[in-house]
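Subject: Structure handover

Hello,

Here is the structure you are taking over. My notes on it follow below.

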Amino acid sequence: MNNKSEVSQDKSFFGQPRGLSTLFFTEMWERFSYYGMRAILIYYMYYSVTKGGLGFDQGTAASVMSIYGSMVYLSSVLGGYLSDRVWGSRRTVFIGGVLIMFGHIALSVPAGKMALFVSILLIVLGTGLLKPNVSEMVGSLYDAGDPRRDSGFTIFVFGINLGSLVAPYLVGWLGLSYNFHLGFSLAAIGMFLGLIQYWVGGRKYLSKDSLYPADPLEPGDMKKLTVRVIIGLVVFALVLLLMSILGALNINNFVLLLSIIAIATPVVYFTVFLTSKKVTATERKHVWAYLGLFIAAAIFWAIEEQGSSVLALFAANQTNNNFLGLHILPAWYQSLNPLFILIYTPIFAMLWDRWGKNQPSSPAKFATGMIFAGISYLIMVIPVTMFGSGTKVSPLWLVGSWAVVEIAELLISPIGLSVTTKLAPRAFQSQMMSMWFLADSAGQAVNAQIVKLYTPGNEGAYFMGVAIVALVAGLILFALVKPIKSLMAGIK
């Protein structure tokens, strides 16, 4: 079944094209591998060498976790470009999966810090190639106007959260109870299974159109691209050389350099959008409207993504993990994110459907989400203030914090994806979609610097400071709802 019309008319997978099953399980296994690895990576970095870890201090480990996530989302821009211009989506996804698998294999080998950095490079590049393009391929299964599209994406998102939900339990149990490298090996096996399934199912059920780039590079374009890449790599190498000569080349400064790049990238994009002659006056207003939402999204992702760093440290060091006769491994808390997403999604879907045209505007949903994000950290202030940083508290505080921040995610994440497509200038539609990933990247780049402030005895002040930033941002956004709606010029 390689003809696009045959693919789109197929109904053999619960009324959906059979290709959806291929992409469902590919992304499920990819998320299994990524979230499984992420659930134990921070512990691997800061546990002492005698406990099987690398012996980083906790601040550095949290900073590396944050910049790791930032680079994953930043590389998605590269993945979209290579798919559109060079390899086509199917090849790009497969190459990405192979890189991810080898990244996990590198971690499964007890080769110290060098293996960690090799793994980070491979998984950053691999996830950037795979993640945006597998989602694009889901959309390509359907003809324009096909009423099954929304339900197809709903099934696909369920697969994402299913892999994310199960992985921390299995990989976390193996990694923390027995050996970190065994846990990383299980993550590698998960990606291998996803690749096998993708290779076999893709040949049968995905359109051959996905093998070719939508906008292939011309020979002259390839030469220009090669020159620009070489110049960029040379400049980056020269910066590292200068840092080395000055005696400033260390992990913390290298993370700072990457943070600057991640924050500067969306600044460059917005500058291009706002100054381009290809953008009409109305579209320029749309970009200004999006800028406010982008900043709010970056602040939200900075909070939400601290689940794998700051809250992971709280789970290990300040939580009583013997609860109701059950011993809870710290890695298991990482399953709370997908668990609450799965619980809340049908509730929000029914809520928006019931309100219909009377539902809040996109800026109002964003502002409300920011308030919930701030409240999620106010919750964490309470146990530290009441019992002190030296007392281990009930795990219900973490559960409550995650329960609230995931309300914020459903007010911001799906709404943000939708509004990004609506506000995109016609000349930059594909690149505008990259901006949504860059919001997460920029938020985590900021995290890479501020998580160092999360130190023993400073936990309450840290949680309060982050909460205040989110609450103030939410209140400011509420005040800007009408101006932003005006800039959106009739777009709902």
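At 47% relative accessibility, I189 counts as partly exposed, because that class lies between buried (under 20% relative accessible area) and exposed (over 50%), with a 1.4 Å probe and protein chains only. I189 sits in helix α7, residues 180–205. Helices here are DSSP runs of H or I, at least four residues, numbered from the N terminus.

The model is predicted: local features need pLDDT of at least 70, side-chain atom pairs count only at pLDDT 80 or more, and totals for chains, interfaces and linings use all residues. Residues are numbered from 1 along each chain as its sequence is written, and side-chain values use heavy atoms, without hydrogens and water.

Now two buried residues. N447 belongs to helix α15, residues 429–450. Its relative accessibility is 1%, so N447 counts as buried. The N447 side chain reaches the backbone oxygen of A302 at 2.6 Å. A262 is in helix α9, residues 251–275. A262 is buried too, because its relative accessible area is 0%. Between A262 and G52 there are 210 residues in sequence and 32 Å in space, C-alpha to C-alpha.

Last, helix α14, residues 396–423. Its 28 residues should span 40 Å at 1.5 Å a residue, the expected span being 1.5 Å times one less than the number of residues. The end C-alpha atoms are 40 Å apart, which agrees. Helix α14 also has a kink of about 30°, centred on G416. The bend is the angle between axes fitted to the seven residues ending at a residue and the seven starting there.

Best wishes

Definitions and conventions. A polar contact is a pair of N or O atoms within 3.5 Å; within protein, one must be able to donate a hydrogen and the other to accept it, and residues adjacent in sequence count only if both atoms are side-chain atoms.
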